[in-house]
Amino acid sequence: MKIGILGTGTVGETIGTKLVELGHTVTMGSRDAANVKAAAWVKKAGKHAAAGTFKDAATAGEIVFNCTSGQGSVAAVTSAGEAALRGKVLIDVSNPLDFTKGPIPILSVGNTDSLGEQLQKAVPSAKVVKTLNTLGAPLMVNPRSLADSHNLFICGDDDGAKAKAVELLRSFGWRDEDIVDLGDITAARGVEAYVLLWVRIYRRFGSANFNLKLVRGK
Ligand SMILES: NC(=O)c1ccc[n+]([C@@H]2O[C@H](COP(=O)([O-])OP(=O)(O)OC[C@H]3O[C@@H](n4cnc5c(N)ncnc54)[C@H](OP(=O)(O)O)[C@@H]3O)[C@@H](O)[C@H]2O)c1
């Protein structure tokens, strides 16, 4: 499958590398078609990897990941453009973290809105699916590296789009029984707010190699 990745950071690189390993053709997008990190990644990832602008990546992908900084995501997706994203699944991994007040972030949007919803409004004809934002990048694509089972959340307005995203998640190693569908895109308010707790757990243990496991009663 052809997949577009918006973002040249750790997450874009980690997901892009996994997708190429799985046999997909990946275009990584940036504000600058000549972005140095994207060029270095292409060199490393091989002939099934390419780089370009956000618009190039969105145009090339049948499915597109948003892996841009939360503070730049609306701009990145807007610059990718509605035309390039029309009808496509847009898997949103971003978090609206604002580090301007110090090393412990606050959310730049929350309670009655979320970044996932803002992206859905920015490109209404795309099908935004929020997932993977509650984990460190290595665990996103290698969930079975933890000894125990653990959970992944997914939300979005379009059930067909969520099913397509789940197919890719399965190929990363996620088991159906561990994927929790929280409903429509407004559930992004919850999974984005969780990241404030994720940051505190990360600081407590000094490692991002953890995740949540839901233990439910009958
Ligand atoms: N790091 C993790 O383990 C992790 C885990 C879960 C979720 N997340 C979320 O995943 C996203 C990506 O994280 P990351 O650490 O890989 O990278 P990042 O440093 O947060 O983001 C890098 C990307 O954001 C783009 N960007 C930055 N400011 C922008 C702006 N004003 N307008 C448009 N684009 C802009 C950059 O564009 P250029 O390429 O043009 O520089 C680059 O592609 C974030 O939202 C983060 O909260 C990260």
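The questions and answers below concern a predicted model.

Colleague: Which residues have the most contacts inside the largest nonpolar core?
Modeller: In soluble globular proteins, nonpolar side chains tend to be buried together. Here the largest nonpolar core has 56 residues. Those with the most contacts inside it are Ile 5, Leu 6, Ala 57, Ala 80 and Leu 90.

Colleague: Leaving aside neighbours within four places in sequence, what is Leu 90 in contact with?
Modeller: Leu 90 is listed among the core residues with the most contacts. Its partners beyond four places in sequence are Val 64, Asn 66, Leu 85, Leu 119, Val 123, Ala 126, Lys 127 and Val 128.

Colleague: Is Asn 111 buried or exposed?
Modeller: Asn 111 has a positive phi of about 65° and is not a glycine. Its loop runs between strand S7 (106-107) and helix H6 (115-122). Asn 111 has 8 C-beta neighbours inside 10 Å. The cut-off is 12 or fewer, so Asn 111 counts as exposed.

Colleague: And Leu 132, buried or exposed?
Modeller: Leu 132 also has a positive phi, near 70°. It lies in the loop between strand S8 (127-131) and helix H7 (137-141). With 28 other C-beta atoms within 10 Å, against a cut-off of 20 or more, Leu 132 is buried.

Colleague: Which helix gives the most to the shell around the ligand?
Modeller: The ligand is surrounded by 24 residues. Helix H1 (10-21) and helix H4 (73-80) each supply at least two of the shell residues. With three residues, the top contributor is H1.

Note on methods. Residues are numbered from 1 along each chain as its sequence is written. This is a predicted model: local features need pLDDT of at least 70, side-chain atom pairs count only at pLDDT 80 or more; totals for chains, interfaces and linings use all residues. A nonpolar core is a set of buried Ala, Val, Leu, Ile, Met, Phe, Trp, Tyr and Cys residues joined through C-beta atoms within 7 Å. Two residues are in contact if their C-beta atoms, placed from the backbone, lie within 7 Å. Helices (H or I, at least four residues) and strands (E, at least two) are DSSP runs, numbered from the N terminus. A residue is near a molecule or strand if its C-beta atom, placed from the backbone, lies within 6 Å of it.
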